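Look at the model first, then read on.

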Amino acid sequence: IVCGQYSQLAKAFDESIITDGLDITRVRWGRYEADLCTHLKQKLTQMAALGLFALGMRRLVVADFAYATATADLTETLKTGPRADLYIAHYIAALPAAARAAREHKALFAFDAEDFHLGDLPDNSANSQVRSLVKYIESKYLPLAAYVTAASPLIGENYAEIYDIKHPTTILNVFPRPTEPHTCVVPEGNPSIYWFSQTIGPDRGLEVAMHAIAISRSRPHFYIRGNPALGYIERLRAIAAQLGVAEQVHFLAPCEPTELERLGAAFDIGYVGEQSHTQNRQIALTNKLFSYISSGIPIVASNIPAHQAISENFGQAMILFNSDSPKSLADCFDHYLLNPRNLLNAKAEAWRLAQTVFNWEIEEEKLINVVKATLSKSDN
């Protein structure tokens, strides 16, 4: 494994899951992890490449190093390291590194698309240069990849259409099969809605949820877990106070990723309120969906295209609301919370799906089969 290291928090968790026998090389980058000289070199390399790209120098080496500060050192580390038969890149910053290492070692490379990266940012003039970089890099490398995997069917469809590649295999962002129901109780014992993310920030449907809670007949409490974006919790508190639900809104500290499913079991409903402000948000499937069912709780989700496409597979464990309508969301909350039988059946269905359909033990076989088939073709 060759990976970037830029966060002490991430490093601590990485260390907790590393098992014996893993060969890991870390490329330090960023102002907090790289030493000063390395950080300055990385930034200057990227800035120079960005300047040349902005001036119209559409050459691959320029685009490669313009996108991310870590790419140049990732590339050098892979090219000078031990040979692999297959290099699998994750995120755009690693794609040039994997492709160049594969060429250097006469090997294969592949790409795992967790998101639709061309649609990560809003399509406007402020993001035009980054979008141009992404499209240039992906258009040069993806047609040469041995395969591409994607984290949702619609992400795969978009990659296949835009870059004229074989439809990527979908590898869902699921979790290990839970072995026994989690038990955890919310102290207040009130009807509860739960949401988590790395960052508590805008465009995730939190404001809509506040308004829905204010008009719902079940009057649930709303629990929000994550690291707050600057000033955003204050904004949410102000909205909650204005709506008269300040005592029903609770902010929770981030937890270890391995604790998410256990802690999620404390709540009645998992909320996925993704909005349609970017193309990626419309077609991606967040890990919340699968974390919630691993906790054994049903999902209320916005009616973005990605959720519409998969909702029939969730049965009673998932209902959709009109993403612009607090009334629609309130009705969905009440569907579960005012009808104990509905909630009980939905929780049972969520647990069944985590056991039999949406878990890593199933998805990992897809990935292993793709890799095996790729290496088999190479041997022949």
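Which strands does helix α9 lie across? Helix α9 (residues 232-243) lies across β7, β8 (221-228) and β9, and runs at about 165° to β9. The model is predicted: local features need pLDDT of at least 70, side-chain atom pairs count only at pLDDT 80 or more, and totals for chains, interfaces and linings use all residues. Residues are numbered from 1 along each chain as its sequence is written, and side-chain values use heavy atoms, with hydrogens and water left out.

**Sheet**
- The open sheet has 6 strands in the order β9-β8-β7-β10-β11-β12, with parallel pairing.
- Its edge strands are β9 (249-252) and β12 (318-321), each pairing on one side only.
- From one strand to the next, the twist averages 25°.
- Helices (H or I, at least four residues) and strands (E, at least two) are DSSP runs, numbered from the N terminus.
- Two strands pair if DSSP finds at least two bridges between them.

**Strand pairs**
- β7 (residues 192-200) pairs with β10 (residues 269-272) in the parallel sense over 2 bridges.
- Y194 stands opposite G270 in β10.
- β11 and β12 run parallel and are joined by 4 bridges.
- A301 stands opposite L320 in β12.

**Helices**
- Helix α14 (residues 326-337) lies across β7, β10, β11 (299-302) and β12, at about 155° to β12.
- Contact means heavy atoms within 4.5 Å.
- Angles run from 0 to 180 degrees between N-to-C directions, with axes fitted to C-alpha atoms, for helices over the stretch in contact.
- β11, helix α13 (residues 305-311) and β12 form a right-handed β-α-β unit.
- Right-handed means that, with the strands pointing away from the viewer, the path from the first strand over the helix to the second runs clockwise.
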